[in-house]
Amino acid sequence: MVALQSIKGKMDKSSEQTLEIPTFSKRPSILLVVAPYYKKISDELIIGAEKVLEKVKARVETVVVPGALEIPTAISLACNAYDGFIAIGCVIRGETTHYDTVARESSHALSTLGLQGVCIGNAILTVESEDQAILRADPSKQDKGGGAALAVLHLLKIKVQFE
């Protein structure tokens, strides 16, 4: 049995465990797949993701898609060209069931790709209000874009370890 390296993390002010940024012998290539329907929010998520990716000197490119439902398809189309992906978008609950469909189906499709070995950090926010989205996207607050970048980097490290 192969043992994973011990997780070295630190506790932040809110007592949540945060993992350190892994190191790589080769620059990882990451594609940000962005659905900019709520542009201010997606821009903040991108800033947070890029700050983390800069620390490993990742090669970062961006592609824009019409909406959150198209993010998994774009990742599937590009899966052989990049080491990992960050899904960036925002779905805010409205008056219809469209929110439920988009949130469920985009998340399910990303999970399916992940189970097929594609390394993805998920920064598609699913929220009740724009205020919640702004708080989660802000790199100086909850920094979900940075969290998604950290997630994809850790998945890439695990993938490299087992190849």
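Buried means under 20% relative accessible area, exposed means over 50%, and partly exposed is in between. Keep that handy as you work on this predicted model.

**Exercise 1. Find the aromatic pairs and say how the rings are arranged.**

Step 1: Count them. There are two aromatic pairs in the structure.

Step 2: Start with Tyr37 and Tyr38. Their ring centres are 4.9 Å apart and the planes stand at 80 degrees, so you call this pair edge-to-face. The cut-off you need here is that planes over 60 degrees apart count as edge-to-face.

Step 3: Move on to Tyr82 and Phe85. This pair is edge-to-face too, with 6.0 Å from centre to centre and 65 degrees between the planes.

Step 4: Check how accessible these two are. Tyr82 has 15% relative accessibility and so counts as buried. Phe85 is buried as well, at 1%.

**Exercise 2. Which residue lies over the face of Phe24?**

Solution: Go to Phe24 and look over the face of its ring. You'll find Lys157 there, 5.3 Å from the ring centre.

**Exercise 3. Work out the strand order of the open sheet and find its edges.**

Step 1: Trace the four strands. The order is β4-β3-β5-β6, and the pairing is parallel.

Step 2: Look for strands with a single partner.

Step 3: Ignoring direction, neighbouring strands here are turned by 15 degrees against each other on average.

Step 4: Zoom in on one pairing. β3 (residues 29-34) and β5 (residues 84-92) pair in the parallel sense over five bridges. Val34 has Ile88 in β5 as its bridge partner.

**Exercise 4. Which strands do helices α1 and α4 lie across?**

Step 1: Helix α1 (residues 39-54) lies across β3, β4, β5 and β6, and runs at about 155 degrees to β5.

Step 2: Helix α4 (residues 130-137) lies across β5 and β6, and runs at about 145 degrees to β6.

**Exercise 5. Where does pLDDT stay under 50?**

Step 1: Get the overall picture. The chain averages a pLDDT of 92, and 90% of the residues score at least 70.

Step 2: Find the stretch. pLDDT stays under 50 over residues 1-12.

Step 3: Decide how to treat it.

Methods. Residues are numbered from 1 along each chain as its sequence is written. This is a predicted model: local features need pLDDT of at least 70, side-chain atom pairs count only at pLDDT 80 or more; totals for chains, interfaces and linings use all residues. Side-chain values use heavy atoms; hydrogens and water are left out. Rings of Phe, Tyr and Trp (its six-membered ring) pair if their centres lie within 6.5 Å; planes under 30 degrees apart count as stacked, over 60 as edge-to-face and the rest as tilted. Buried means under 20% relative accessible area, exposed over 50%, partly exposed in between (1.4 Å probe, protein chains only). A charge sits over a ring if NZ of Lys or CZ of Arg is within 6 Å of the ring centre and within 35 degrees of the ring normal. Two strands pair if DSSP finds at least two bridges between them. Helices (H or I, at least four residues) and strands (E, at least two) are DSSP runs, numbered from the N terminus. Axes are lines fitted to C-alpha atoms, for helices over the stretch in contact, and angles run from 0 to 180 degrees between N-to-C directions. Contact means heavy atoms within 4.5 Å. pLDDT is the predictor's confidence in each residue, from 0 to 100.
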